[in-house]
Amino acid sequence: MVTYYKILEISEDATFEEIKKAYHKSALKYHPDKNKNENAESKFKEVVEAYEVLSDPYKKNRYDNSLKHK
């Protein structure tokens, strides 16, 4: 299963700063203006979605709990 952690290439105990740094690195890598690969836009959207969840403590907590129950 691909998790938001795998999308951003970070560990599940990553700090907020590590999450933010990984997001910026991945966003630059997959941004459609920089990457002309045909799947870059969908990969970029995954990166944004992962960051939106993992950067919000409430959403991250809910997401982490959902992973434990699978």
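Predicted model: local features only at pLDDT ≥ 70, side-chain atom pairs only at ≥ 80, totals over all residues.
I took buried to mean under 20% relative accessible area and exposed to mean over 50%, with partly exposed in between (1.4 Å probe, protein chains only). Helices are DSSP runs of H or I of at least four residues, numbered from the N terminus.

Residues are numbered from 1 along each chain as its sequence is written, and side-chain values use heavy atoms, without hydrogens and water.

**Helix α2**

I looked up the buried residues of α2 and found Ile19, Ala22, Tyr23, Ser26, Ala27 and Tyr30. They lie on the same side of α2, because they cover an arc of only 130° around the axis, taken from the directions from the helix axis to the C-beta atoms. I noted Glu17, Lys21, Lys25 and Leu28 as exposed residues on the face turned away from that buried side. The cover over the buried residues includes α1 (4-8), α3 (40-54) and α4 (57-68).

**α2 against α3**

I found that the two axes, lines fitted to C-alpha atoms over the stretch in contact, come within 9 Å and cross at roughly 165°. α2 and α3 are therefore roughly antiparallel, the term for angles over 145 degrees. Among the residues in contact (heavy atoms within 4.5 Å) I listed Phe16, Ile19 and Tyr23 of α2 and Phe44, Val47 and Tyr51 of α3.

**α3 against α4**

I read an angle of about 100° here, with the axes 6 Å apart. α3 is therefore roughly perpendicular to α4, a term covering 65 to 115 degrees. Glu52, Val53 and Leu54 of α3 meet Lys59, Lys60 and Tyr63 of α4 in this contact.

Terms used: Helix = DSSP H or I, 4+ residues; strand = E, 2+ residues; numbered from the N terminus. Axes fitted to C-alpha atoms, helices over the stretch in contact; angles between N-to-C directions. Parallel < 35°, antiparallel > 145°, perpendicular 65-115°, else oblique.
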